[in-house]
Amino acid sequence: MTSPEEPVQSTLSFLAQRGWRGDDDFFAALAAHLARVLAVDYAFVDRIVPDAPERVATIALWAKGGIEKNFDYDLVGTPCENVLGQDICFYRDNIQGLFPNDALLVDMNAESYAGIPLWASDGTALGLIAVMHTNPISNRDTVETVLRMVELRASAELERRLLTDELAESHHRVQDFADVSSDWFWETDANHRYVWFSPNVEEVAGVPPEWHYGKTRQEIGSPDIPKKDWDAHLEMLSKHLPYKNFEFKRRGPDGDKWLRSSGKPIFDADGVFKGYRGTGSDITPEITRRLALEQELRTAKENAESSNRAKSTFLAKMSHDLRTPLNAVVGLGQMMEQQVYGELGHPKYQEYSRDIVSSGNYLLELVCDILDMSRIETGHIKIDLQDLKLKSVIDEVISIVMPAPSDNHPRIDNLVTDSAISVRTDLKALHQILVNLLSNAAKFTPAGGRITVSAAPTDDGVRIVVQDNGIGMSPEAVVRVGEPFTGAQDAYKAATTEGTGLGLSIVTGLLEHLGSNLEISSDLGHGTTASFTLPLAR
């Protein structure tokens, strides 16, 4: 399982290396990239159909391993309609239940959805980017971060393409220049010597059109670009091939200018080469913006790395400065509660001692959970794979959660009887996952209730199930129960037990590092089932 930083780093690399090419396959490459780094079955880019704002058309669709044919559909009653009305939308699961009239969700067997709108520079909606998966999407923060990273570039590219399409359509009537519309026109003879320029070239070049006549590109001077790019361009000219969007830098009267040239070879009726006709344009503002965006990406990356270093320093300091005195407070409170050095006097003092121990333990648990959650988010988790006998691991965890049978607590049973069932995973992480799940089940299962732990091999691993017959949750509560600081007690409503609200979030994060994900199902008043599958291969 990849850490949250890997999709972000991969997306930064995509934007820096592939994201600025502006080729026809950009959105197809983007859809494939999103499907890969976010591990989803579907990724697509839509644009609003002109003159029909209630419909959108896909311009790139990745579906279960490949690019599929584009299509258009109505927005009404779909999650995409919600995306265009706000900043970002995320539906972890039950997407079909939330949008029952969307037949596409049924056809794609979609369970989860996330999308972000694409905006033009004037603030109007252009389209959207969305991903869907046939299972719940648990890594919400990573998904939203990646979508926000690509939104600006995708918006700019979509707007550029729409403007280019409009410009090409408006110039369609202009014979040979229809394919290469831009700011000025030029023409060469069969020897590649310029014979004509439109007058507006002087605004950029600083010299009149006549200054170019009779000169070849080489005689005007090679542009300020890498030699290999310049040689490749000259080779295309020598082979009389058409070219588009050749970008180069020239020094003009007002400083350096970035120009873009496109050309089309001209042949007579007998196929004899007669020269080139083409267009040129000043793209200095576009390049300036591109360079600025690249600098912003570098700065964002540096800031993220700086934040991670600061977070690591904070964690180290917090671990010592908070847990050490808290352990002392709890220890001293226990000594007072047990009256190690004699009676305390007034009975209230013993009550206060119990409160000190209870509050100290709660605060210590909170600090430890925050530290664990922070380590997971920053990727500071060391995974030590080893072969573990599942039955003995579960027995150890049960003895920790419920040291001795009691009529005041639910019963926990290990249903794994086959001692040969083994998993290859990290012992510490598996311990913490099972302790959190069993502790959570025990909190919300009344005395006399039953909690079971079972496991069974599957085609791709070993599935472990923790089931209780406690108070259960509503479907709405199940969606929220894994969110950090939400707290299981908030979702259960009727429970009075307190908790840090991080237990299931820690479980989810640890399972991601182990290559798995947490699945929760519950029926209000009839118990809860939590399950996950540990993969055979890593």
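I looked up Pro-226: it is partly exposed, with a relative accessible area of 45% (buried is under 20%, exposed over 50%, partly exposed in between; 1.4 Å probe, protein chains only). The model is predicted, so I take local features at pLDDT of at least 70 and side-chain atom pairs at 80 or more, while totals for chains, interfaces and linings use all residues. Residues are numbered from 1 along each chain as its sequence is written, and side-chain values use heavy atoms, without hydrogens and water.

Pro-226 sits in the loop between α8 (217–220) and α9 (227–238) (helices are DSSP runs of H or I, at least four residues; strands are E, at least two; both numbered from the N terminus). I find 9.5 Å between the C-alpha atoms of Pro-226 and Phe-248, which are 22 residues apart along the chain.

Next I checked α2 (residues 26–37). Its 12 residues should span 16 Å at 1.5 Å a residue, and the end C-alpha atoms are 16 Å apart, which agrees (expected span: 1.5 Å times one less than the number of residues). Nine of the 12 are buried, including Phe-26, Leu-30 and His-33. Ala-39 follows α2 and has a positive phi, near 55 degrees.
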